[in-house]
Amino acid sequence: MGLTNSNKIISTDRVDCSGTLKVTLALAASPDISSNPTDIVLILDRSGSMTGSPLANLKNGAKTFIDIIDEATDNTQDGNIGSGSRIGIVSFADTAVQNTQLITSVASLKAAVDSLTAGGSTNHADAFTKAVDLFDPASTNAKVMVMFTDGKTTAGPNPSPIAAAARAAGIVIYCIGLTGADGIDPNVLNDWATDPDASHVSIAPSDSDLENLFADLAANISKPGATNIVLDEVVNPDFVITSILVPTKGTASMIDATSLKWTINQLGSTSNEGATLEFFIRHVANTSGTKLVNHSISYTDSENNQATFPTPTVQIDCGVIVQPEPCPMPVDVEIGRCQDSLVYDVGDVYLESLGRILQLNVNLKNVCPDKRVALGIILTEVDKHGDEHPRGMKTITVPAHHYPFCRDVLVKCIKFVLPEDLDVSGGKPFSLCNDRNFRVRVIAHTIDFDFKCCDF
């Protein structure tokens, strides 16, 4: 069967600015179908949410799948599934129907697919039951189910025990999910599919992707098992790789802060086999937004299998940052070659006392949306007797944020100039090497509020 699946998933879709998340790479491979006869049941969702283009694209995908298996089993697209392999069709809505038995006629399989019409609810339990009933327990053929669905279970009992019993009987289950009108729960598909979940579940974001997805799955099922696998992963430069766990198969190593290499000698040599690699990345940029996790990923093996990986994104939240006091603008001055002196007017500078600069950051907690904040910072210096001496006060209006919820706001770079001739902490007069002791008091109030006077 060759490479039967490739996937990439992340542990969360949202992290803080310096947050960490886990990335899982997954591969699965099985032996050549031409020398390992396989019975395959396509389980196709025809519920009401499949009406229109989803059903049309599903039919094209299923028929493409049948054609690829046809050619793979006997090296020709002759209208007959060869080498002892067979395909059956089960479709489902309120209940499931065995549209065909396990047969070899490509024309009959395609006719069954073309006859499907959309309508009704979604009964996954009956679909699994009818699919299991197609397999002959006495047959030595490998057994594979390909479950396609675009929604959650809305009819019938819980399908999980039926899928679990099928897996226990040696049936390999792949799940293809379409993000449809009824919504799809990846966790449920993971529960139904054969382990490792990441290599047996794929999600199509739109129905236009279905034909390619079914084609990729059929091509991977029909090729030889994969050997001499090399996978090179490069993450988005806004992230760094912090650690790599030992993969379930092969070896992995970090090339640099943003790239790694995963190698596997062979996968799927005698039976369906999966492999996963988990590693952790940390966001190191200072910008918020939706960001791609990986910059690039490449896969090669000796059988020339093709691997397509999702491109997951994560929402980065660097918070609300306010910088009320900009740093002074620099003036560029250049001394030319062989010029031993230079007089240059750098412009006007406002007078400030000489001394150290104390720069404060204040994190305002739980500031609600569309509310400005009046912020006051009072600075005093403490002498050796514990008495306080004023060293300045600043008042700042913090602009409102427009997030849909209350959140923290970081006010950065509030600067106080502290002349040395005001040093009351003790030590050598006017020395920058003295310890100086200060106290900071912060007062914050919301300016905007919802109170209105009553009109009498």
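Guide: Helices (H or I, at least four residues) and strands (E, at least two) are DSSP runs, numbered from the N terminus. By that naming, P196 is found in the loop between α5 (186-192) and β9 (201-204). The model is predicted: local features need pLDDT of at least 70, side-chain atom pairs count only at pLDDT 80 or more, and totals for chains, interfaces and linings use all residues. Residues are numbered from 1 along each chain as its sequence is written, and side-chain values use heavy atoms, leaving out hydrogens and water.

Visitor: What makes the peptide bond from D195 to P196 cis?
Guide: Its omega is near -5°. Most peptide bonds are trans.

Visitor: Why is α1 called roughly antiparallel to α2?
Guide: Two packed helices are described by the angle between their axes and the distance between the axes. The axes of α1 (residues 53-74) and α2 (residues 106-114) cross at roughly 170° and come within 9 Å. Angles run from 0 to 180 degrees between N-to-C directions, and axes are lines fitted to C-alpha atoms, for helices over the stretch in contact. Angles over 145 degrees count as roughly antiparallel, under 35 as roughly parallel, 65 to 115 as roughly perpendicular and the rest as oblique. The crossing angle therefore makes α1 roughly antiparallel to α2.

Visitor: Which residues make the contact of α1 with α2?
Guide: Contact means heavy atoms within 4.5 Å. On the α1 side the contact is made by K59, A62, K63, I66, D67 and D70, and on the α2 side by V106, L109, K110, V113 and D114. By class, five of these residues are nonpolar, none is polar and six are charged. Nonpolar covers Ala, Val, Leu, Ile, Met, Phe, Trp, Tyr, Cys and Pro; charged covers Asp, Glu, Lys and Arg; the others, Gly among them, are polar.

Visitor: Why does S6 count as buried?
Guide: Buried means under 20% relative accessible area, exposed over 50%, and partly exposed in between (1.4 Å probe, protein chains only). S6 has 9% relative accessibility, so S6 counts as buried. This residue is found in strand β1 (residues 2-10).

Visitor: What is S6 in contact with, leaving aside its neighbours within four places in sequence?
Guide: The list is A26, L27, A307, T308, F309 and P310. The side chain of S6 also reaches the backbone oxygen of T308 at 2.8 Å.

Visitor: What is the phi of S83, and what of N304?
Guide: Most residues other than glycine have a negative phi. S83 is not a glycine, yet its phi is positive, about 60°. Phi of N304 is near 60°, again a positive value in a residue other than glycine. S83 is found in the loop between α1 and β5 (86-92), and N304 lies in the loop between β16 (294-300) and β17 (313-317).

Visitor: Is S83 buried, partly exposed or exposed, and which of these is N304?
Guide: S83 has 36% relative accessibility and therefore counts as partly exposed. N304 has 56%, so N304 counts as exposed.

Visitor: What makes β2 and β17 a pair?
Guide: Strands of a sheet pair through backbone hydrogen bonds, either parallel or antiparallel. Two strands pair if DSSP finds at least two bridges between them. Strand β2 (residues 14-16) and β17 are joined by three bridges and run parallel; R14 stands opposite Q315 in β17. Strand β15 (residues 289-292) pairs with β17 over four bridges in the antiparallel sense, with L292 opposite T313.

Visitor: Why are β21 and β23 called edge strands?
Guide: The open sheet of three strands has the order β21-β20-β23, with antiparallel pairing. Strands β21 (388-398) and β23 (438-446) each pair on one side only. Strand β20 (residues 373-382) and β23 share nine bridges, and I378 has R441 as its bridge partner in β23.

Technical notes
A polar contact is a pair of N or O atoms within 3.5 Å; within protein, one must be able to donate a hydrogen and the other to accept it, and residues adjacent in sequence count only if both atoms are side-chain atoms.
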